[in-house]
Amino acid sequence: MRIADTSDLWWKQAVVYCVDVERFLDTDGNGIGDIAGLAERVDYLAELGVSCLWLMPFYPTPNRDDGYDITDFYGVDQRLGSFGDLVELVRTAQDRGLRVIADLVVNHTSDQHPWFRAARSSTDSPYREYYVWRADEPPDTAEKAVFPDKEGGIWTRDEITGHWYLHRFYRHQPDLNLNHPKVRDEIAKIVGFWLHLGLDGFRVDGIPQLLTLGQGDDFENRGGFTDPHGFLRSLRKFANRRNGRAALLGEVNLPYQQQLELFGTEDAGELTMIFDFVAMQNLYLALARQDAGPLAAALKNRPRIPQDAQWANFVRNHDELTLDQLSESEREEVFAAFGPEERMQVYGRGLTRRLPPMLQGDQQRIRMVYSLLFSLPGTPVLYYGEEIGMGENLAAEGRMAVRTPMQWTSGRNGGFSSAGAEDLSGPVVEGEFGPPNVNVADAKRDPHSLLHFVTGLSRRYRECTELAWGAAEVLDQPRREVLAHRCSWEGSAIVALHNLSAEPTTVPLRLPDEAEGTELLDLLGDGACALDADSSAELDLAGYGYRWLRVHRAHGPGTLPDVMTTVAGAGEP
């Protein structure tokens, strides 16, 4: 690989870890996780193989939407710490080789933000145009509300002036008018401020809402947003002027063609990375059916993206596990398999569960899914606690079911906090997946734990440039339950096989562009096999089995590094 290809494109082969600071580690005993606690655990993340730390909102907030209702884009919520704590966290992370990115929430503010308080005070306020207003009563917009169980529409009448203001999310989160030059200038200042303070980019919240803000309901005549792509291009250019390594990771739950448009072009980039919601949702459909077909189809339909862009792959994030890119009947299949109870579902479009409980704690199946995550072409993203197999607490409302305290030990509150249970920022997971059975301390002592397995996958992924940089293809083979794919880069290649069924199988695989005698060397174990005269091989897979195979030719690219270690806990083929 040429160094020039990778020097400023760190996101192409990163391992991203999302942290909810409020629920990671409490150092002062008040029941709320804090920045100092996260700083104490940076070494743990470095040992896990994390190379990029993604911080959920830490800004000042009334906390009516778990920090996504922001009152000051330039501050640190005093419940979580100080500017000094944040700078120390960034410095510590950078010392260990980790980049740090943060949520950029610019679709809306809190209704307690000084801008909105000034805007609602008078129709003549200079901040009035920072938001989107209408004087006439709006039509019924109930179907456009992001949270239909909480809001009956996306316009709310403000009693002070009698006008209605726009809010795609909660009524206490008025939408910013991103079409206004002063608002764009403010956002540029926010981005520049945090990049100057040491961040290496942002996860950009709610891109679909940003795209549709200028459509329908005559928004464009009310100061609505009419040029989202122009906004993203200017944001990318500004960020890269301030920090040439800055990344923009977009939350884009849209079909592939619309995602492709948001990457921009080689000459005019927009988002740096985009979460592949399409592949994620089809992964769960494939798991429900024990048939790799839906995921294979999604990967085949992935569009080609600019060379400096990347897909972000994930199994779980901090919101509901949305399934809205699937058909109604497909969603019902996933609900039946992994969320049959009403309390496990939300808004009829997603699940409030984590992976281990959905798979009934089946360790082989869980490991197969994470092996698949790390082998998919792109950048893997982990949500805190995934590496140890945390579950959810369904007693918490909606998305909060998966925003539970991190489980460090088997002791009180999972070692998260010394406070009383009633003072914790979220309820601790109970039962089979709670701290007595799932925690970091025990996992670190067990060489066969999920933690050791995920750590091994992380390190192996960083050794396999093909997975991040290479061209990917789904390989033809007759086993419907098996996903076989190959990633190739600069003459070398990795083949990955994953069995989504509980039944063992043998996969007849043909690689017609490889010569007889080419070896397939196991990267997660010690096995190897050679291609025959027909460039074929038969490969055994256990039930829920997985194999990563380096294509090792007699001459040329494809040789192994001098030292390759076996991934702890890798199953036998």
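Biologist: How many residues lie between β19 and β20 in the hairpin that they form?

Modeller: In this predicted model, five residues lie between β19 and β20.

Biologist: What makes β19 and β20 count as paired strands?

Modeller: Two strands pair if there are at least two bridges between them. Strand β19 (residues 519-522) and strand β20 (residues 528-530) have three bridges, in the antiparallel sense, so the pair meets the definition. One of the bridges sets Glu-519 against Ala-530 of β20.

Biologist: How do you know that β19 also pairs with β22?

Modeller: The same cut-off of at least two bridges applies. Four bridges join β19 to β22 (residues 546-552), and these strands run antiparallel; therefore β19 and β22 count as paired. Here Glu-519 stands opposite His-552.

Biologist: Why are β4 and β5 called edge strands?

Modeller: The open sheet has three strands in the order β4-β6-β5, with antiparallel pairing. Its edge strands are β4 (133-134) and β5 (155-157), since each pairs on one side only. For β5, the pairing is with β6 (residues 164-166), over three bridges. Within that pairing, Trp-155 stands opposite Leu-166.

Biologist: What holds strands of a sheet together in general?

Modeller: They pair through backbone hydrogen bonds, either parallel or antiparallel.

Biologist: Why is His-167 called buried?

Modeller: Buried means under 20% relative accessible area. His-167, in the loop between β6 and α6 (181-196), has 0% relative accessibility, so this residue counts as buried. Leaving aside residues up to four places away in sequence, His-167 touches Glu-151, Gly-153, Ile-154, Trp-155, Thr-156, Gln-173, Pro-174 and Asp-175.

Biologist: What makes the approach of His-167 to Phe-169 a polar contact?

Modeller: The cut-off for a pair of N or O atoms is within 3.5 Å. A polar atom of the His-167 side chain lies 3.2 Å from the backbone oxygen of Phe-169, and this distance is within the cut-off.

Biologist: Why is the protein described as being as compact as a globular protein of its length?

Modeller: The protein has 17 helices and 22 strands. Its radius of gyration is 24 Å, close to the 25 Å that the globule rule gives for 573 residues, and the description therefore applies. The C-alpha atoms fill a box of roughly 80 × 55 × 50 Å along the principal axes.

Biologist: What share of the residues counts as buried?

Modeller: Of the 573 residues, 62% count as buried.

Terms used
Residues are numbered from 1 along each chain as its sequence is written. This is a predicted model: local features need pLDDT of at least 70, side-chain atom pairs count only at pLDDT 80 or more; totals for chains, interfaces and linings use all residues. Side-chain values use heavy atoms; hydrogens and water are left out. Helices (H or I, at least four residues) and strands (E, at least two) are DSSP runs, numbered from the N terminus. Buried means under 20% relative accessible area, exposed over 50%, partly exposed in between (1.4 Å probe, protein chains only). A polar contact is a pair of N or O atoms within 3.5 Å; within protein, one must be able to donate a hydrogen and the other to accept it, and residues adjacent in sequence count only if both atoms are side-chain atoms. Contact means heavy atoms within 4.5 Å. The radius of gyration is taken over C-alpha atoms; the globule rule is 2.2 Å times the number of residues to the power 0.38.
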